[in-house]
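This report walks through the fold from its sheet to its helices and a few single residues. Please keep the sequence and the coordinates at hand.

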Amino acid sequence: MKKRKTSAAFGIIGLGRFGMALVECLSGAEKEVIAIDKDENKVKEARRYTDYAFVVKSLDQETLEEVGMQNCDTVVICIGEQVDISILTTMIVSNLKVPHVIAKASSPIHGEVLKRLGAVVVYPEWDMAVRLGKRMVYDNFLDSVTLEGDVEVRRIQVTSKLIGVSIQDVDVRQKYGLNIIAIEHDHHTDVEFPSRYCFREGDIICVIGKTLNIGRFENDIHDDE
């Protein structure tokens, strides 16, 4: 395997469902991606999306340098199930001085170790389960992004209880400690709107705040009809 110089912005280590989805998404956004796995069939599939997909038999530092991982702005380690390999690979990538290291974790303890190695930790299965649970609990739940400190950005479908009511009258900041950061309607997103704006049928509001407070807000606007 020859050493190569590349301007690739992203490196993906491990081409399971999570890793392959990242390769497809990033390549679809016209980003250059280095993708590696020990499974030749998975690498062949990844080559549908990127020219920089390689079969590797080892994840030692020399191999990662040969494929150019040290040239990436962000490297994602997608091998959470193999905890020992995940930890070792995260340590090696961090030693390569990659600016942003993201690692998939299979448990809170695993995630804590990865954090101490300097990685941003993700829990794909846990996140998916939480989102499914929220859809089951809240009929008007659409999607959310979880931030540190039990804070979320959540998209919420406007219910009949809000239609015709102004943002000022709802007063989510005072009542719930939330901020409305965007309003979506007919595939258009508006981030600048007056406090006198009245919600319309079909509106989707994007709010940010503590998860517990968002839950209270959703319960209060929920249609019982």
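A residue counts as buried under 20% relative accessible area, as exposed over 50%, and as partly exposed in between, with a 1.4 Å probe and protein chains only. H187 is exposed, because its relative accessible area is 90%. H187 sits in the loop between β9 (179-185) and β10 (188-190). Helices (H or I, at least four residues) and strands (E, at least two) are DSSP runs, numbered from the N terminus. H187 and D203 are 16 residues apart in sequence, and their C-alpha atoms are 9.8 Å apart in space.

The model is predicted: local features need pLDDT of at least 70, side-chain atom pairs count only at pLDDT 80 or more, and totals for chains, interfaces and linings use all residues. Residues are numbered from 1 along each chain as its sequence is written, and side-chain values use heavy atoms, with hydrogens and water left out.

## Overall picture

The protein has nine helices and 11 strands. Of its 225 residues, 41% are buried. Contact means heavy atoms within 4.5 Å. Take the contacts between residues at least 6 apart in sequence: 57% of them join residues at least 24 apart.

## The sheet

Strands of a sheet pair through backbone hydrogen bonds, either parallel or antiparallel. Here, two strands pair if DSSP finds at least two bridges between them. Six strands form an open sheet in the order β3-β2-β1-β4-β5-β6, with parallel pairing. Its edge strands are β3 (52-55) and β6 (120-122), and each pairs on one side only. On average, neighbouring strands of this sheet are turned by 15° against each other, direction ignored. Such angles run from 0 to 180 degrees between N-to-C directions, with axes as lines fitted to C-alpha atoms, for helices over the stretch in contact.

| Strand pair | Bridges | Residue pair |
|---|---|---|
| β2 and β3 | four bridges | I34 and Y52 |
| β1 and β4 | four bridges | I12 and V76 |
| β4 and β5 | four bridges | I77 and A103 |
| β5 and β6 | three bridges | K104 and V122 |

Are the two faces of β4 covered or open? Both are covered. T74 and V76 are buried on one side, and V75 and I77 are buried on the other.

## Helices against the sheet

Helix α1 (residues 17-28) lies across β1 (10-13), β2, β4 (74-77), β5 (100-104) and β6. It runs at about 160° to β1. A21 is in helix α1. A21 counts as partly exposed because its relative accessibility is 43%. The C-alpha atoms of A21 and A46 are separated by 9.6 Å, and the two residues are 25 apart along the chain.

A crossover is right-handed if, with the strands pointing away from the viewer, the path from the first strand over the helix to the second runs clockwise. β4, helix α4 (residues 83-95) and β5 make a right-handed β-α-β unit. β5 and β6 pair in the parallel sense. The chain crosses from β5 through α5 to β6, and this β-α-β crossover is right-handed too.

Which residues of helix α5 (residues 108-116) are buried? They are H110, G111 and L114. These residues cover an arc of only 95° around the axis, so they lie on the same side of α5. The arc is that of the directions from the helix axis to the C-beta atoms. The buried residues of α5 pack against α4, β5 and β6. On the other side of α5, P108, I109 and R116 are exposed. Just after α5, G118 takes a positive phi of about 95°.

## Cysteines

How many disulfides does the structure hold? It holds zero, where a disulfide is a pair of cysteine sulfur atoms within 2.5 Å. C198 is partly exposed, because its relative accessible area is 35%. C206 is buried, because its relative accessible area is 9%.
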